[in-house]
Amino acid sequence: MYRYDEFDAQFVAERTAQFRDQANRRLSGALTEDEFRPLRLMNGLYLQLHAYMLRVAIPYGTFSGKQMHQLAMIADKYDRGYGHFTTRQNIQYNWIKLEDTADILQALADVEMHAIQTSGNCIRNVTTDHWAGAAADEIADPRPVGELIRQWSSLHPEFSYLPRKFKIAITGAPTDRAAVRVHDIGLRLHKNLAGQNGWEVMVGGGQGRTPLIAVTVRDFLPENELIGYLEAIMRVYNLYGRRDNKYKARIKILVHEIGAEKFRAEVEAEYAKHPAQQTQVEEAELARIAKYFAAPDFETLPRMSNRLDMARLANPDFKRWTKNNLAAHFKDGYAIVNISLKPVGGIPGDATSEQMRVMADLAKTYSFDELRVSHAQNIVLPHVKLDDVFAVWQKLSEHDLAAANYGLAGDIIACPGLDYCSLATARAIPIAQAISRKFADVDVQENYGALKINISGCINACGHHHVGHIGILGLDKKGEEYYQITLGGSSSENASIGNILGPGFAAHEVPEAIENILSTYVKLRQGKAEDFLSAYRRLGAKPFKEALYAAA
Amino acid sequence: MPLLKNNEFVADHFIEVADDMGLPSAGNVLISSSRITEAAALNLGIGIRLNNTDKVEALVANFPQITLIVLPFPAFSDGRSYSIGRQLRLEGYRGELRAEGNILPDQLQLMLQVGFDSFLVTERFPLAAWQAASQQMSLAYQRGLYRNQETEVWSSRHQGFNAWEEQPHAG
Amino acid sequence: MSTQEKGQVMTANRLGDGEVVFLTRAGVWSEKIDDAALVQEPLALAAIDARAAQDAKANLITGQYLFDAARVDGRIRADHIRERIRTLGPTVREDLGKQSEGKAGAFAAVEL
């Protein structure tokens, strides 16, 4: 994974010093809150319902055991002993003091981390496939490009005061695990017949108030032209994105208001003014970065592991966990280990400092010191020998990290919601907990099969409810929380926005409503091989609506 | 309001002339772009006031005649003028580029990097604050920024390529 | 059943440490909702508005806003679930926030 050179280290050090100065000027009153707000947001510091919240970047979701240890230290020293992993591959701390923030940023800088641009109307953390560099189906690791874009977008002087926030996601696999079609810019790697890398460029996807799927503006952009082309897109957005209405300010609104054709023409015209003639430096930099993402020193191993197979036979819990939580690695003898941060009745995405240390040590011992965080709020050990999987699972089991529900009904995405967030209209976590408890039996979950239940506590959709197979949106009806259910969303390469089923439900009615939906699916599916999303797309909303509302 | 240029407060040599007013016979005038020909005929120093919705292409042909362009920053969250300023420099404008409006010291370096060289600022901050702000970051990851006071990280990593001069490209 | 005195409460976050606070009649900020001034009269509302703005300018607090509340059996109850959660802490972590520090409001987020 990427390591800072002297330039990167100096950049973060200077940025930290800059923030320390800004915070001091705020505390002394030399800066007003209105002036300080955009500056602190550009360093990821929010004012929330109970306290300040700090959002720390985990670039493209990749980090090391040492970095995870530092995140644990920060949780203990400056927060309440835990952190929350988010749907954009970041981590959030909920009980931060402004007075401590510069010191926290220094502690992050000490391990090559930062909180730069995790908020504000600027380019945010570039997210990617949490199995990048490990997945069996990958064309090529997208993370070098992720790192290139991260650097290019850091304190970009032209694009620091955009109409609104800007989110980029990239994927290097044909199966899109990074939700690129619902991002402001989505990039997808293709190879042409000559074997050269090119990027499909998609613009104008997003969730929130107005969920939209991105349009493709370039099918195959040569890799060396990426930075130049991104600049053209950003310039068009910066100049023409709406600034009159906060809810209409994302690039998706611009794209859909002027139309895909006109938008593409604007970008191409801007790009044509100064096409990327001299890209040797970008190419050299990408090649330099790519060296850090070379595959680790894998051993040559057989495809099967006797030790793993014997352990499975001897231990049914372990066997079940391997069935659900392991993913195929491109290298024989290795597996991708998915650690669910969704224990039964737990808070999705939360980890205690102790759990963080356990995962950090497992990474160091068993996964070439590398971890990932996924947008589904789980942690990944990307390169584990099959021979070691049982030892890993044993350790996870001791620390409530062995929920065997990866990708199933218990693997719920939920935003912090009204329990923490000033923007929320309802709580999301208790709903997740109730559903989790209802389907605690993994047999039941396995029967339902692959399922993405996503819960958002307000229309800003940080819980990604629009692209959940089952989406739940928490709203406020005359001061009472009530929940709207959508079906049929997907964040895959065949992305879709979920459809609202009907009137909303009170909190206590939601788990039963979900069970109703899932029972209907089980009844009508064409065998267990037809998963929930496929069945919904075949059947439509009607049978589910009837099941939910006719009984009244 | 103080005029900041090259880390000093300087005098403003331009006089703003409204559209319905006559032009002086000599000196530097700040006018709207519709009066360029008129001002050029009088051999005046020409400054143009642009809106942050104006298109740069319309002005390119007049660059040789213009020595000042003023761009607004109506709210500091309104970042359009950063792009217009950059476009002007990419199109080859080399006169003075002035920022006017809501400008905090924390934005100064960003504005300098995209090509602004003078700033009409509020009296709230002393000169020392502006001077410090203009050099808080010594590095820039982006290439092709106008000012090359910051070290271009990518160019420095890969010797044999020059900052800025080897440009331009959209990136 | 005691009569419910209704009004508004001013809340904010302390600038330096982010702690949620409420403006009292004495014009200082308390960490406990029950110390808060419950204000109805327009003049009094204007006064607490001005006081909050002044304290924001003095860099004591930030993010100030008014919310509706009522005095019930001597304790202050926020009308909206959001502010009730603000006076308690997260409903899903009863070991965190004011509810675990002896500063809680008396009313649950959701009454059963």
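## Contacts of B:I69

Two residues are in contact if their C-beta atoms, placed from the backbone, lie within 7 Å. By this criterion, and leaving aside neighbours within four places in sequence, B:I69 is in contact with B:I48, B:L50, B:L88, B:Y93, B:G95, B:L97 and B:R98. The model is a predicted one.

## Nonpolar cores

B:I69 belongs to the largest nonpolar core, which has 93 residues. Together with A:V201, A:V203 and A:I233, B:I69 touches the most other members of this core. Helix α6(A) provides the largest share of the core, 10 residues.

In soluble globular proteins, nonpolar side chains tend to be buried together.

## Which chains touch

Two pairs of chains touch, and the pair with the most contacts is A and B. Chains B and C do not touch, and their nearest C-alpha atoms are 15 Å apart.

## Chain A with chain B

In this pair, 41 residues of chain A are in contact with 33 residues of chain B. On the side of chain A that touches chain B, two or more residues come from each of α1 (6-28), α2 (33-41), α5 (143-153), α6 (226-240), α8 (260-273) and α9 (280-292). Of these, α6(A) gives the most, with seven residues.

By class, the side of chain A that touches chain B holds 17 nonpolar, 14 polar and 10 charged residues.

## Chain A with chain C

Here 23 residues of chain A are in contact with 23 residues of chain C. The elements α4 (98-110) and α14 (429-438) of chain A each supply at least two residues of the side of chain A that touches chain C. The largest share, three residues, comes from α14(A). By class, this side of chain A has 12 nonpolar, four polar and seven charged residues.

## Fold of chain C

Chain C contains two helices and five strands, which run β-β-β-α-β-β-α from the N terminus on. Its radius of gyration is 14 Å, close to the 13 Å that the globule rule gives for 112 residues, so chain C is as compact as a globular protein of that length. Along the principal axes, the C-alpha atoms of chain C fill a box of roughly 40 × 35 × 20 Å.

Of the 112 residues in chain C, 41% are buried. Among contacts in chain C between residues at least 6 apart in sequence, 51% join residues at least 24 apart.

## Helix α17 of chain A

Helix α17 of chain A spans residues 532-539, and A:F532, A:L533, A:A535 and A:Y536 in this helix are buried. Seen down the axis of α17(A), these buried residues fall within an arc of 160 degrees, so they line one face of the helix. An α-helix has 3.6 residues a turn, so residues three or four places apart point the same way.

What do the buried residues of α17(A) pack against? Their partners are α15 (442-448), β19 (480-487) and α16 (510-524), which belong to chain A. After α17(A) comes A:G540, which has a positive phi, near 80 degrees.

Methods
Residues numbered from 1 in each chain as written. Chains lettered and ligands numbered in written order. Predicted model: local features only at pLDDT ≥ 70, side-chain atom pairs only at ≥ 80, totals over all residues. Helix = DSSP H or I, 4+ residues; strand = E, 2+ residues; numbered from the N terminus. Rg over C-alpha atoms; globule rule 2.2 N^0.38 Å. Buried ≥ 20, exposed ≤ 12 C-beta atoms within 10 Å, placed from the backbone. Arc of directions from axis to C-beta. Nonpolar A, V, L, I, M, F, W, Y, C, P; charged D, E, K, R; others polar. Core = buried A, V, L, I, M, F, W, Y, C linked by C-beta atoms within 7 Å.
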